[in-house]
Amino acid sequence: STFVKAVAGLVPITEGRVSLAGRDITRVPAHRMVFEGLAFVPQTENVFAPLSVVENLELASALLGGTSAERRARLEPVWRRFPDLDRQRRLPAGQLSGGQRQMLAVARALIADPRVIILDEPSAGLSPKLVQQVFSMLREIRDSGVTVLLVEQNVKAALALADRAAVLVEGRERWVAPAAELRSEAGAARLAALYLGHGAREPQGS
């Protein structure tokens, strides 16, 4: 979580560099990241509960500027992609189910048409059925051409979605490899060894 918050500009970076599409965004303030093509969905408090679904989305569109017609037009792709939200436009976000709130948070992030969307623990607190729905939504977003950067403790669900995976242990990168490699029996054993340390051998290569 600290890693993705650093990428999104929410915590200070003392060393290293963050680049997006060849552009250095290390020192870009968090509120300007959206204009660099990066959107961030936090784990908690990721919607404005007293506001309706449509008000949450309108707020995101208004922050991007433009005419009234342009701001409204940004919402149309969202309604098509998230029909459940479309049917509940006037419902306060706080009355949505956990899965629907997560969908609203993602939908609001997509208003800016980002290159990359970062999500911090999107399955946290959700039932297995809702986890499946959320990850199905993320798969559709990935397949549409948006890069999804995900921090997730549900390893099975995350690796089923991911093309590549990075394992961090105590804040340090210990293994970067294709997700299929981590899904394999040998990969699962290496992953367990990294975290549990029982006769662990460092994975070779990336």
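In β4, Val116 is the bridge partner of Leu38. The exercises below concern a predicted model.

**Exercise 1.** Determine how many bridges join β3 to β4, and whether these strands run parallel or antiparallel.

*Solution.* β3 and β4 are joined by four bridges. The two strands run parallel.

**Exercise 2.** Identify which residues of β5 stand opposite Ile117 and Leu119, and state the handedness of the crossover from β4 to β5.

*Solution.* Strand β4 covers residues 116-120 and strand β5 residues 147-151; five bridges join them, and they run parallel. Within this pairing, Ile117 faces Val148, while Leu119 faces Leu150. On the way from β4 to β5, the chain passes through helix α7 (residues 128-143), and this β-α-β crossover is right-handed.

**Exercise 3.** Locate Asn46 and explain why Asn46 counts as buried.

*Solution.* Asn46 lies in the loop between β3 (38-41) and α2 (53-63). Its relative accessibility is 9%. Buried means under 20%, so Asn46 counts as buried. The side chain of Asn46 reaches the backbone oxygen of Pro42 at 3.1 Å. Leaving aside residues up to four places away in sequence, Asn46 touches Val41, Arg101, Gln102, Ala105 and Arg108.

Terms used
Residues are numbered from 1 along each chain as its sequence is written. This is a predicted model: local features need pLDDT of at least 70, side-chain atom pairs count only at pLDDT 80 or more; totals for chains, interfaces and linings use all residues. Side-chain values use heavy atoms; hydrogens and water are left out. Buried means under 20% relative accessible area, exposed over 50%, partly exposed in between (1.4 Å probe, protein chains only). A polar contact is a pair of N or O atoms within 3.5 Å; within protein, one must be able to donate a hydrogen and the other to accept it, and residues adjacent in sequence count only if both atoms are side-chain atoms. Contact means heavy atoms within 4.5 Å. Two strands pair if DSSP finds at least two bridges between them. A crossover is right-handed if, with the strands pointing away from the viewer, the path from the first strand over the helix to the second runs clockwise.
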